[in-house]
Amino acid sequence: MNQFLQRKKSYFKTINFRKIIKTIGFLFLGIVAFLVIASAVLSVYFKNNKAEIVTKINAKINENITGTIDIGDIKYKFLKGFPNMTLALSQVELKDSLWSLHKRTLLKAEQIEVRVDVLKLLSNEINIDKIEIQQATLYLFKGKNGIVNTNIFRPKPKSKKSKSSTDSKVKEIVLDQVHFISENQMGHKLFDFNIVALRSQIDHENENWQTNLYLKTLAKSMAFNTKRGSFIQNRMVEGVLKVGFSNAKNQISVATTNFGIGSEFFDINAHFSLDQNKSPFDIAIKTTILWRDASALLSANIREKIDQFDLKNPIDVGCTIIGDMNATGDPEIVVTTKIKNNELKIPDGIITDCTFDATFTNQYKKGAGYNDINSTITLTDFSGKYKTIPFAIPIGIISNFEKTTAAGSFKSDFNMSRLNEIVNKDFIHFSDGQAKVNLEFKFDILDLKIQKPLFTGNVDVKNATVNYGPRNLTFVKTDIELDFTEEALLIKKINFKDRKNKVFMEGKIDNFLTLYYENPEKMIVNWDIYAPFLDIKQFVGIITSSGQKASKKKNTKDDFSSELYVVIDKCQVVLNLKADNMVYSKLEATNAKATVLLVNNQLIVKNGWVQSSGGSIAFDGELVPEGDNFLLKSNTKINRVDISRFLTSLNNFGIQSFQPNNIKGLLSASTSVQGTLLSGGELKTNSIAGRAKFKVDQGALTDFKPITNIGKFAFPFRNVNHIVFSDLSGNFKINGGLVDVNDLKISSNVLNLDVNGIYSFGRGTNLAMTIPLRNPKNDEQITDEVEKAEKRTKGIVLHLLAVDVDGKIKIRWNKDHEKL
């Protein structure tokens, strides 16, 4: 090895090697000298023949155009493009013959460099090999009236081609700082690009050509419809495009991979027809991109719709755009994507574990145009979780972007406790139970709000436990079957237990969903309710509101909870109630029925009827919220109830001066009263006011102290401890704890008694009593009522007063026989 290196070093020092180096040096200098001399010769030739060359260039250009071209100056570029000649044309303007009408200059350039074949030039031909345009504006225009500025090129003659026709094709194009505009006012299209750089080496094959074109440009506008906005607006576009022209198809094709638009990269395939009358095009784009990054590249009319949504992870998207550059209106746009295990943000929250296929098209119905009205988004095999609730939409279609509607099917199967993620626990809390949902839906969307909703299908809930927070009521073993039809919501079955109550409910709500979203105060809920046993206090607590509102804590559940509370609070409810057994405090009843209306948080009872205390009670009434309590209004008709049992069940109305066991008989009465019902269902003491009329049949009074106290002195030989009545009736006016007694008439076997005045449940009794002393024991044998009435007041008559003295009833003489 060392010997080889030594021999080489020795060779480099020899005379032969030095001769070779000298020869190469002279050859290089000769080439340089030749280039300089040749360029100098070309320069001299250009100077000497400038006028002729300019004339030939103008002639070459004018052979192909019908307009005018203005060239400020032409200079020769020394050595550039050798051996060909490079000419620099400065201040170039190209106008068509109709410029005076539209005022749009087709081309205006600071400088255009043209490389001309010298050999062809020497043979008096102009063959342009390369064109480089610098700092220029290229403006293609079509006006509203159809006028264009591109009819500048003369049609080629159909005669036999000239010998040089194939040699005059441009092989290289370079653009630097070129502003390209294509404005189609008739078609409402505007393409506006600031081309930073464009490099293209063109390979020709007969009439066809192809090139790998490098492009870097700023897209100021790519509007297929200026009324809708621009795609990729103000985005930098850069990449290499494989471009080819087919003469047979008169079409340019474009293909590229990893083409940069903004910060995103795309695979693009496109075709553009060059036909004069019809210029169809198609563009196919594929990419993997974030939702919001994709939205930013779309036109405003599409972007404002889809920006209401977002996907967390990048998605695979394909888009095709098909249209005609000369046609009016939008092109056909189809966007497809496949989403898997993503997170979807919607206006009402977030859907996790989201998987679906989606397609957007602006031509859902063929032949109906490419527009917002005919635009749809189709979702298929949609699955995900809203909060923790899983659901599926096998198919859903969002259509008509001017008057947007949504339709499809919705399915879900989940444990009821998962609803606690949506509904505020202070309002309604769920535990246990399973829900199954199977619905078809259709509704309008206005400002992302549901309008005119229509659901058909069913919802089933089994064995749920529900706590209603505003009243702290818990319903256990609750079953619900809901059937949504086009006309109404049918509530086929709701069964629940609450403490002692077990209730079976069926109902109907006409036009349910529309009223829910638009006019809940007009919603009428018709319920048929059957209960084997019903505690009225608890039932009143269920169907009335205490005024407690849903919690206003700031969290994602509040909107839905508050909205649901408002609907419950405003809707009207009609309850057709039947109960085998019913209890109110100590009052027990059977075979109960009533129609109950809930309107504006008021409870109205109509046609109420029960069997109780051996008789029957018919009633109607109202409960109106008044602070934390309720104003009670009631009209009641009592028919032959056992008075002792009846008074006992109602706590004797708070009367302390006698007990229910003091009186016997069958009570018939009619009342019209109002009072205050406490929030727990109890009647507030001494709150009753109104009128009452009563009559007792088969009545008896036992150990009634006011009478026995009188009897000790006035009737020592009569049994005043047990009085049997032939007539016990009267009219009362009640005002809280005071009863205005009007014409209380007592006819009995011991004495007759007429009473007027004020009776107090507490303090303040002041009663005037008229007591005939004659013994009425045999009056029952008198059949003539007139005669019986005359004998009633014969003989000695006592006029007494029963007055309250220190909380005790005292008897005094009524000297003036004053009727209180």
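Lys 593 places its charged end over the ring of Trp 609, at 5.9 Å from the ring centre. A charge counts as sitting over a ring if NZ of Lys or CZ of Arg is within 6 Å of the ring centre and within 35 degrees of the ring normal. Lys 387 likewise lies over the face of Tyr 386, with 6.0 Å to the ring centre.

The model is predicted: local features need pLDDT of at least 70 and side-chain atom pairs count only at pLDDT 80 or more, while totals for chains, interfaces and linings use all residues. Residues are numbered from 1 along each chain as its sequence is written, and side-chain values use heavy atoms, with hydrogens and water left out.

Gly 349 belongs to strand E16 (residues 349-361). Strands (E, at least two residues) and helices (H or I, at least four) are DSSP runs, numbered from the N terminus. Between the C-alpha atoms of Gly 349 and Lys 387 there are 8.2 Å, although 38 residues separate the two along the chain.

Further along come strands E18 (residues 389-399) and E19 (residues 405-415), which pair in the antiparallel sense over five bridges. Pairing requires that DSSP finds at least two bridges between two strands. Ile 397 stands opposite Ala 407 in E19. The hairpin of E18 and E19 has five residues between the strands, and Asn 400 takes a positive phi near 60° there. E19 is also joined to strand E21 (residues 434-446), antiparallel, by eleven bridges. Here Gly 408 stands opposite Phe 441 in E21.

How many aromatic pairs does a search of the whole structure find? The search finds 15. Rings of Phe, Tyr and Trp (its six-membered ring) pair if their centres lie within 6.5 Å; planes under 30 degrees apart count as stacked, over 60 as edge-to-face and the rest as tilted. Trp 209 and Phe 245 form a stacked pair, 6.0 Å centre to centre with 20° between the planes. Trp 209 lies in strand E7 (residues 208-225) and Phe 245 in strand E9 (residues 235-246), so the pair ties together parts that are 36 residues apart in sequence. Trp 209 is partly exposed at 23% relative accessible area, whereas Phe 245 counts as buried at 13%. Buried means under 20% relative accessible area, exposed over 50% and partly exposed in between (1.4 Å probe, protein chains only). One aromatic cluster is formed by Phe 191, Phe 224, Phe 231, Phe 272 and Phe 281.
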